[in-house]
Amino acid sequence: MSFQKFELHEKILAGVQALGYKKPTPIQLQAIPPIMEGRDVMGLAQTGTGKTAAFVLPILQRFMEKPLGHIRALIIAPTRELSEQTNEAIGELGLKTKLRSTTIYGGVSMYNQINRLRGNVEIISACPGRLLDHIERGTIDLSHVEVLVLDEADHMFDMGFLPDVRKIVKHLPKKRQTLLFSATMPDDVRSLALDLLQNPVNIQIGHTAPVMTVAHRFYSVPMGTKTALLKDILEKTEMESVLVFTRTKSRAKSLAQQLDRSGHKVISLHGNLTQQKRKQALDGFRDGRYEIMVATDIAARGIDVTRISHVINYDMPSTADAYTHRIGRTGRASKTGDAFTFVTGDDIGLAHSLKRILGEKLQYHSVDGLTAEIQLSPSKKNAVDMKSSKRRKSFAPHMQTGRKPKQRSFQNANRSSWSHRSQSAA
Ligand code: AMP
């Protein structure tokens, strides 16, 4: 089925086409019709499934014929990155419409945001804390909101934002459409959904298990050997762009420095960076200036880089849900990816739980010293076998070889690269 079936306005379809979306993803197929009918929707969907367009397209459609100049849709997201990404998607999908959108989040000038709000926008993509500041100062008028979207509600819960969300909702008109998206359904999110959604259509995309287009591999490794193992993997494995997760900000920073010293094009992303530095880091990773990003969980929320080929959990995440979210960074919208996790003695408990969830998808490797023998997942293996005459491209640092390895062009590692890659995946 194509997007034409939704009977979206031609100006909106132009945006869909410009992004190269050929076919709706499963969540779009299921969510767009009820949202267009004005129903409340509770969507249980992982990141990378195309859920942003699933709610943005009906919102654009709804406002096409309406008078402009008031905030009519409010999208609440846990992180600045996700707010920016959603705002970007609105800008791209709604390029040909007259609808205007902006972001509201902390860490940047309040004054500029007030000015933008005075410029009459219709759609706001906001993080809870700064939005509440605006509400309390009376610098935002939410009295015309018709659609409320709570995106990544489980992350908002993780980050302690649910009380703020409840406060914000009190300032919205009671008569409105409410959409809630979450990758997992902790009790607090379920009770929020019960309170806010009226007779919702429930949509569940896949299981809340980590993305199934991803190959999962655990490496049993002593704590002190992790960095050496990581370097070994980076050198021996064919990779496009790699997201490495650490548990702490300081470790993200120091690991990135170590990889940098080994000649890798690497950047770190963690909560101690200013908003400007975070943006620079993300842009650099997206456009391929950096091949590796070392990030903490919170900083990495909402990273939308479509060609992350590998997620490496240098440190084990703290919960199975956190694993899902990290892994959601690769294998986005049905592409394949690999997820490597370093498991130390302290992580065995969670490793066993994940083993149960992942089942046959999980390969378990014991690492003797540094001999990390990477076995490719079947689909990739076939692809490699087909070009067996060619030597496998390594991810060796440039400084060691003195030249940039072939096929390490990252120029297309951005959102627009979807257009050609998605044709076969969609
Ligand atoms: P999301 O889950 O909304 O973060 O989307 C994940 C990625 O999938 C984004 O890069 C989107 O641009 C892309 N995407 C969304 N819908 C489609 C589609 N129908 N076809 C191809 N790519 C899509």
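We go through the strands, then the helices.

Guide: This is a predicted model: local features need pLDDT of at least 70, side-chain atom pairs count only at pLDDT 80 or more, and totals for chains, interfaces and linings use all residues. Residues are numbered from 1 along each chain as its sequence is written.

Visitor: In what order do the seven strands of the open sheet lie?
Guide: Strands of a sheet pair through backbone hydrogen bonds, either parallel or antiparallel. Here the order is β3-β4-β2-β5-β6-β1-β7, with parallel pairing. Two strands pair if DSSP finds at least two bridges between them. Strands (E, at least two residues) and helices (H or I, at least four) are DSSP runs, numbered from the N terminus.

Visitor: Which are the edge strands?
Guide: β3 (101–104) and β7 (201–204), each of which pairs on one side only.

Visitor: How many bridges join β1 to β6?
Guide: Four bridges link β1 (residues 41–44) with β6 (residues 177–182), and the two run parallel. V41 stands opposite L179 in β6.

Visitor: Which strands does helix α3 touch?
Guide: Contact means C-beta atoms, placed from the backbone, within 7 Å. Helix α3 (residues 51–64) touches β1, β2 (73–76), β4 (123–126), β5 (147–150) and β6. Its direction makes about 170 degrees with that of β5. Axes are lines fitted to C-alpha atoms, for helices over the stretch in contact; angles run from 0 to 180 degrees between N-to-C directions.

Visitor: What does helix α6 lie across?
Guide: Helix α6 (residues 128–137) lies across β2, β3 and β4, at about 100 degrees to β3.

Note on methods
Contact = placed C-beta atoms within 7 Å.
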